[in-house]
Amino acid sequence: MYKVIDGITYDTRTAKRIAFYEFSSIGYYEWVYKVLFQTPDGNYFTYETGGCCTEYAVKVGNKMVGAHYHIFPANNEEAKRFLERYKPKLALELFSDSYK
């Protein structure tokens, strides 16, 4: 999946996957899946989706359905916060200078 935002291409096929978070399992209403990527140019972004009872759900008729996919650009601070929340050891490794 890819998306161009403000002239920058965010492509999950060409970017490096840094870390991911998954809650529950695909197919369950509360399922959430988030991945932090870094483009070859060094820009961070997240790829996010979820089940029908999450912020990613879409209304179709009178039902909420899940698995609507989103790409969100992330600056260094947002990427660091993602890692602090889901992969703290990796945050220390990648952003060690900001903790001094």
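A salt bridge, as counted here, is a side-chain nitrogen of Lys or Arg within 4 Å of a carboxyl oxygen of Asp or Glu. By that rule the count comes to one salt bridge.

Before I go on, the ground rules. This is a predicted model, so local features need pLDDT of at least 70 and side-chain atom pairs count only at pLDDT 80 or more, while totals for chains, interfaces and linings use all residues. Residues are numbered from 1 along each chain as its sequence is written, and side-chain values use heavy atoms, with hydrogens and water left out.

Back to the salt bridge. R13 and D11 are the partners, at 3.2 Å from N to O. For accessibility, buried means under 20% relative accessible area, exposed over 50%, and partly exposed in between, with a 1.4 Å probe and protein chains only. R13 is exposed, at 63%, whereas D11 is buried, at 10%.

Next, the cysteines. A disulfide would be a pair of cysteine sulfur atoms within 2.5 Å, and the count is zero. For C52 the nearest cysteine sulfur belongs to C53, 4.2 Å away. C52 is partly exposed, at 28%; C53 is exposed, at 56%.

Now the sheet. Helices (H or I, at least four residues) and strands (E, at least two) are DSSP runs, numbered from the N terminus. Two strands pair if DSSP finds at least two bridges between them. Four strands make an open, antiparallel sheet in the order 3-4-5-8. Which strands stand at the edges? Strand 3, residues 16-23, and strand 8, residues 70-74; each has a single partner strand, so one side of each has no neighbour in the sheet. From one strand to the next the twist averages 20 degrees.

Strand 5, residues 44-50, pairs with strand 8 over five bridges, in the antiparallel sense. Within that pairing, Y47 is opposite I71 of strand 8.

Helix 1, residues 76-86, lies across strands 3, 4, 5 and 8, and runs at about 135 degrees to strand 4, residues 32-38. Axes here are lines fitted to C-alpha atoms, for helices over the stretch in contact, and angles run from 0 to 180 degrees between N-to-C directions.

Last item: T39, in the loop between strand 4 and strand 5. Is T39 buried or exposed? Buried, at 8% relative accessible area. Contact means heavy atoms within 4.5 Å. Setting aside neighbours within four places in sequence, T39 is in contact with T9, Y10, A15 and F45.
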